[in-house]
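Morning, everyone. Please bring up the model on your screens. I'll take it a piece at a time.

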Amino acid sequence: MTDRSAARAAERAPATGSVRRIRMPQKLRNLELGLLIVACVINAGAIVLVQLGALGRIDTQLVLLGAGLSALVFGLHIAMRFVARDADPFLLPVATVLNGLGIAMIYRIDIAYGDAGWDSAAVRQIVWSVIAIVAALATILLIRNHRTLFRYTYLSGLIAIVLLLLPLVPGLGQTRGGARVWVGIGDLVTFQPGEIAKIALAVFFAGYLVRNRDSLSMVGRTFLGMRFPRGRDLGPLLVVWALSMAVIVFQRDLGTALLYFGLFLVMLYVATSRLSWVVLGLSLFLAGAIIASQTLDYVNGRFQNWLNAFDPAVYDAQGGSFQLVQGLFGLANGGLIGTGLGQGRPDLTPVPQSDYIIASLGEELGLAGLFAILALYVLFVARGFRIGFAGQDDFGKLLGVGLSFVVALQVFIVVGGVTRVIPLTGLTTPFLAAGGSSLVANWIIVALLLRLSDTVRNHPRLVIDG
Amino acid sequence: MNRELKRVTIVSLLMFLTLFVASTVIQYVQADNLAADPRNARTLYQSYSVERGPILVGGDPIAFSEPSDDDYKFQRVYANGPLYAPVTGFIPVNGEATGLEGSLNAELSGTSESQFFDSLNRLISGQDPMGASVEVTIDPVAQQAAWDALGDYTGAIIVTQPSSGRVIAMVTKPTYDPNSLAVHNGEEVEQTYQNLVEDPGDPLFNRATGGDMNPPGSVFKLVMTAAALESGQYTPDSTFPNPAEFTLPETSSVVRNSSGGTCGSGSEVTLATALRLSCNIPFAELALELGDDAIRAQAEKFGFNSNFTIPNPTETSTYPANPDAPQTALSGFGQGDVRATPMQMAMVSAAIANGGIVMDPDLVESITAPDFRPIEEFDATQFGRAISESTARTMTEMMVNGVENGAASNARIDGVSVAGKTGTAENGEDDPYTLWFTGFAPADDPQYAITVLVEDGGGLGQEGFGNLIAAPLAKQVLEAVLNK
């Protein structure tokens with residue numbers, strides 16, 4: 001092994017002129033295999049603990065379904081041994097364990113609700129996981145080089161807009177929990193296209209910014225020690241801002257708007273090095289949010305729930321802080337070490353398996369478990385940022401940063417909402433929450449990050465000209 | 001680009017750091033506050049779904065949890081519910097727990113801080129969580145005797161151990177069955193509770209430690225006598241003018257002795273005779289001579305105007321803050337704005353029995369973790385010294401005399417010297433009297449202090465009086481506990 005990879009390194013060194021030592025790819029994959037086994041053991045353990053805690057017996061059916069899912073993940077791992085040998089070894093195990101913990105908790109809520117068979121959200125989540133992992137596999141197999149995506153910059157932008165507008169199409173769009181972000185035919189198959197849109201947006205932003213960064217960053221006048229852009233260069237910022245505001249007004253979805261806008265600002269900043277963009281963007285967004293909170297009842301309600309959660313009037317109001325406060329009670333009930341899986345009462349909080357899954361996990365796994373889950377996200381995001389640092393082409397760097405940051409921001413928005421750091425908005429917790437669209441989108445993000453990390457290690461000195 | 005990336009990384013880390021801090025604040029710092037929120041159904045479910053520890057009397061459970069097949073996992077059962085209701089209280093599925101169920105909820109449900117490692121241990125070893133057991137100081141024989149003695153009267157009996165403050169018996173009537181409030185049906189509990197609240201007999205009151213507070217009437221003369229003797233200016237032989245009628249200062253209101261005439265014969269009467277025959281006029285005169293500050297100071301040394309938790313919450317017995325002269329005179333025989341619980345009067349008797357030292361009353365003998373590790377043992381604590389030992393001795397003699405030759409004659413027990421004082425307190429002009437007895441026995445070696453309260457004149461309106469109704473009940477209970 002050592003001889004062979006050393007030989008390979010020697011072979012490449014002259015071609016790229018690099019002094020970087022190439023890591024041994026099979027070692028990375030073996031590490032990944034080891035971590036995957038640990039992840040699957042944790043997942044199986046979680047499901048068994050849920051059954052022991054909530055049912056008092058072991059039901060093999062769901063364990064078997066979980067085992068099938070594990071097999072699929074190992075399939076993905078094997079495929080990577082062939083097509084993405086140098087990919088990051090941590091991303092896949094982290095996504096697997098988060099996905100599995102989510103299924104265990106959703107299953108636990110099913111038991112509390114008495115749902116089984118196709119009514120069971122856990123069974124549906126497993127099916128969606130299969131679809132998501134297959135989508136990830138397809139992504140890895142189809143996109144052999146991420147620069148392919150660069151060519152489809154504007155197509156991605158168009159796809160993102162279409163996906164975003166889809167829920168507003170009469171007959172197709174559906175409103176749930178006040179937000180019009182769903183499409184579907186009846187209740188049968190429903191989808192949140194906005195989740196996929198965030199990937200298309202990241203690709204579009206990366207491609208667009210790499211192409212236009214010079215005009216966005218070089219010219220402008222200096223004010224208060226910052227160089228502000230020219231009026232005519234403000235276009236893209238205004239368009240994305242308008243898009244976010246449209247999401248707030250027409251789709252009544254604060255969280256998604258914040259997510260898209262935050263993603264754009266961060267990528268813009270990384271691409272242009274201009275803090276002034278961030279200042280301008282945040283001012284615009286804050287102004288929009290303040291106007292929205294004054295004029296839109298539902299936005300104002302969210303702020304009231306956040307600021308005066310324990311006020312009896314707010315607590316008892318329709319759409320009031322009941323859910324938020326119940327979530328806090330749940331977390332407090334968990335304490336430091338949690339009640340144990342299957343032994344708390346997460347079912348007392350509304351939507352404990354989707355928007356509030358983090359509170360459910362916090363209740364049953366405690367602060368210790370919540371810290372572990374957050375640490376997994378930190379690891380995931382850190383590995384993504386690593387691509388940004390180590391990447392050699394600006395498109396890849398930007399895309400890696402964008403995709404990682406969108407996961408970080410989404411975790412912050414939803415967990416921050418549950419823990420009352422910011423107003424509560426309806427977003428899914430990546431990988432954990434019940435919901436097919438979110439799972440598919442996040443697994444595609446995993447696939448893209450795996451592909452990017454593989455390219456980074458494969459082409460240590462390749463530079464792309466914008 | 002990497003400089004910007006570094007900054008974005010820092011921002012992302014800060015976002016996660018915020019989440020770490022926020023979840024720590026909720027799950028650790030604020031956890032107890034959130035758990036205490038009355039809207040938190042989890043706290044209640046949890047206190048039900050752990051095997052709550054039992055409450056024991058003499059090793060036998062009076063409250064325990066047995067497995068049930070519903071949401072709550074365990075059904076709380078109260079053995080002899082009505083008898084022990086003032087001790088145990090109840091824990092409803094949709095409200096606040098009362099009695100020991102409320103005051104020791106953390107221990108009984110296994111969530112107190114001293115049980116943290118125990119619960120952790122049980123969690124790790126896979127055992128079901130379990131609460132601690134609480135042994136109370138109640139003596140089942142005394143409790144049953146007090147219950148039987150009180151019969152159908154509205155009132156309360158409390159027996160304490162003078163040397164330690166242990167509550168040996170605590171009975172209140174009318175009462176309720178805590179089992180009816182422990183059913184796992186919120187609406188049914190609500191209905192039962194509402195019926196109890198609207199019941200004119202107020203069965204939810206614990207008349208031993210609260211309820212609609214009564215004036216102590218003549219039993220307060222013990223506090224007056226203590227104040228007089230402690231002042232150093234009076235002895236039992238000090239004399240007071242002995243008219244048959246006494247006009248309150250600044251008014252035309254007239255005070256009479258309960259006999260209607262003078263207090264014994266003669267134009268003057270001694271303090272000892274006034275206490276023995278329980279005359280009102282000499283004590284009104286004494287109150288005016290001592291002044292309200294001195295009386296209040298003495299009353300507060302006995303525990304008036306202080307709140308006690310045993311650990312159940314109790315009402316505070318009060319001596320008024322700024323009585324005018326007529327009110328001060330009335331307070332001399334426990335009328336006016338003076339209010340006392342039987343527990344407070346038992347503390348007065350117990351202090352006299354205990355050489356002048358007031359002990360804090362307490363219901364809890366011991367708390368034991370599920371692994372039999374003691375969490376808390378009974379520890380007698382002093383509230384303070386109310387009177388000197390010599391005053392205590394003198395007053396014991398005076399009280400023994402009151403039972404043997406005076407107004408408390410119906411508390412006499414053959415072969416045992418009983419110290420006691422009766423009281424017949426007026427409420428409104430036409431309202432029935434409140435009847436009292438407080439005392440202790442044996443007088444030469446005090447084992448038990450007892451206070452009997454009978455409201456509504458014992459059914460006799462203004463015909464009933466302390467010696468007729470309350471004193472025999474005390475005798476009955478003392479006989480039962482002394483012959484045991």
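First, a term. A residue counts as buried if 20 or more other C-beta atoms lie within 10 Å of its own. Keep in mind that this is a predicted model.

Start with chain A. How much of chain A is buried? Buried residues make up 52% of its 466 residues. Chain A has 17 helices and five strands. Now take its contacts with a separation of 6 or more. Residues 24 or more positions apart account for 71% of them.

Next, one helix. Find H7(A), residues 153–165. Which residues of H7(A) are buried? They are Ser156(A), Ala160(A), Leu163(A) and Leu164(A). Look down the axis of H7(A). The buried residues fall within an arc of 95°, so they line one face of the helix. What covers them? The cover includes helix H8 (193–217) and helix H9 (235–250) of chain A.

On to the cores. The largest nonpolar core has 144 residues. Leu263(A) and Met267(A) touch the most other members. H16(A) gives the most to this core, with 16 residues. Click on Met267(A). Leaving out residues up to four places away in sequence, Met267(A) touches Phe205(A), Ala206(A), Leu209(A), Leu398(A), Val401(A) and Gly402(A). Another core, of 128 residues, lies apart from the largest one. Among its members are Leu104(B), Val159(B), Ala227(B) and Phe304(B). As background, in soluble globular proteins nonpolar side chains tend to be buried together.

Now the place where the chains meet. Here 40 residues of chain A are in contact with 31 residues of chain B. On the chain A side, H10(A), H14(A), H15(A) and H16(A) each supply at least two residues. Which helix gives the largest share? That is H15(A), with 11 residues. By type, the chain A side divides into 25 nonpolar, 11 polar and four charged residues.

Last stop, strands in chain B. E4(B), residues 133–136, pairs with E12(B), residues 364–368. The pairing is antiparallel, over four bridges. Ser133(B) stands opposite Thr368(B). E12(B) also pairs with E13(B), residues 374–377. That pairing is antiparallel too, over three bridges. There, Ser366(B) has Glu377(B) as its bridge partner. E12(B) and E13(B) form a hairpin with five residues between the strands. In this hairpin, Phe372(B) takes a positive phi near 70°.

That's my tour. Thanks.

How values were computed:
Residues are numbered from 1 along each chain as its sequence is written. Chains are lettered from A and ligands numbered from 1 in the order in which they are written. This is a predicted model: local features need pLDDT of at least 70, side-chain atom pairs count only at pLDDT 80 or more; totals for chains, interfaces and linings use all residues. The expected span of a helix is 1.5 Å times one less than its number of residues. A residue is buried if 20 or more other C-beta atoms lie within 10 Å of its own, exposed if 12 or fewer, and partly exposed in between; C-beta atoms are placed from the backbone. The arc is that of the directions from the helix axis to the C-beta atoms. Two residues are in contact if their C-beta atoms, placed from the backbone, lie within 7 Å. Ala, Val, Leu, Ile, Met, Phe, Trp, Tyr, Cys and Pro count as nonpolar, Asp, Glu, Lys and Arg as charged, and the others, Gly among them, as polar. A nonpolar core is a set of buried Ala, Val, Leu, Ile, Met, Phe, Trp, Tyr and Cys residues joined through C-beta atoms within 7 Å. Two strands pair if DSSP finds at least two bridges between them.
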